[in-house]
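Please consult the sequence and the coordinates while reading.

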Amino acid sequence: MPSIFSRIIAGEIPCYKVAEDEKNFAFLDINPLAPGHTLVVPKTETDYIFDLSEEDYTSLQLFARRVAKAVEKACPCKRIATAVIGLEVPHAHIHLVPINSEGDLDFKRAKLQLPAEEMSAVAAKIASNIE
Ligand code: 5GP
């Protein structure tokens, strides 16, 4: 059975997409730690990020860097933090989270539930800053 992220990439489940290239896809986390919290995933479904081929892993990280720079422009913050957890969805992904302090990356914190209009606006702003 395809992962929820494969179904998002296939367009079967809606998402707030921010970018894609040949091998990778980026969209907003549905329950963000901060506005602009983005997930970057390889289109090929692999559970564990360190099981990706060298080529796919490198491609994912370079794509994540491109997306992170756009998130930073769209969502002013001190840094874009990255995290790889993968305990919930078995499809490798990198979290990109705008932060101003260490505590902003605490995944135990209550997640945000932003209105659809705000999610759409943030996604569009990030997408417009992709270089
Ligand atoms: P992890 O696997 O890294 O522990 O967490 C998975 C992340 O994916 C969570 O932050 C969760 O909010 C996000 N997530 C889970 N299901 C969906 C979904 O259907 N759509 C989106 N956009 N994000 C999801």
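Buried denotes under 20% relative accessible area, exposed over 50%, and partly exposed in between, using a 1.4 Å probe and protein chains only. The model is predicted, with local features requiring pLDDT of at least 70, side-chain atom pairs pLDDT 80 or more, and totals for chains, interfaces and linings using all residues. Residues are numbered from 1 along each chain as its sequence is written, and side-chain values use heavy atoms, without hydrogens and water.

Lysine 23 counts as partly exposed because its relative accessibility is 27%. Lysine 23 sits in the loop between β1 (17–20) and β2 (24–28); strands are DSSP runs of E, at least two residues, and helices runs of H or I, at least four, numbered from the N terminus. The side chain of lysine 23 forms a polar contact with that of aspartate 56 at 2.5 Å. Such a contact is a pair of N or O atoms within 3.5 Å; within protein, one must be able to donate a hydrogen and the other to accept it, and residues adjacent in sequence count only if both atoms are side-chain atoms. The C-alpha atoms of these two residues lie 7.6 Å apart, although 33 residues separate them along the chain.

Phenylalanine 5, in helix α1 (residues 4–9), counts as buried because its relative accessibility is 6%.

A nonpolar core is a set of buried Ala, Val, Leu, Ile, Met, Phe, Trp, Tyr and Cys residues joined through side-chain atoms within 4.5 Å. The largest has 25 residues, with Val18, Val40, Val67 and Ile126 making the most contacts inside it. To this core α2 gives the most, eight residues.
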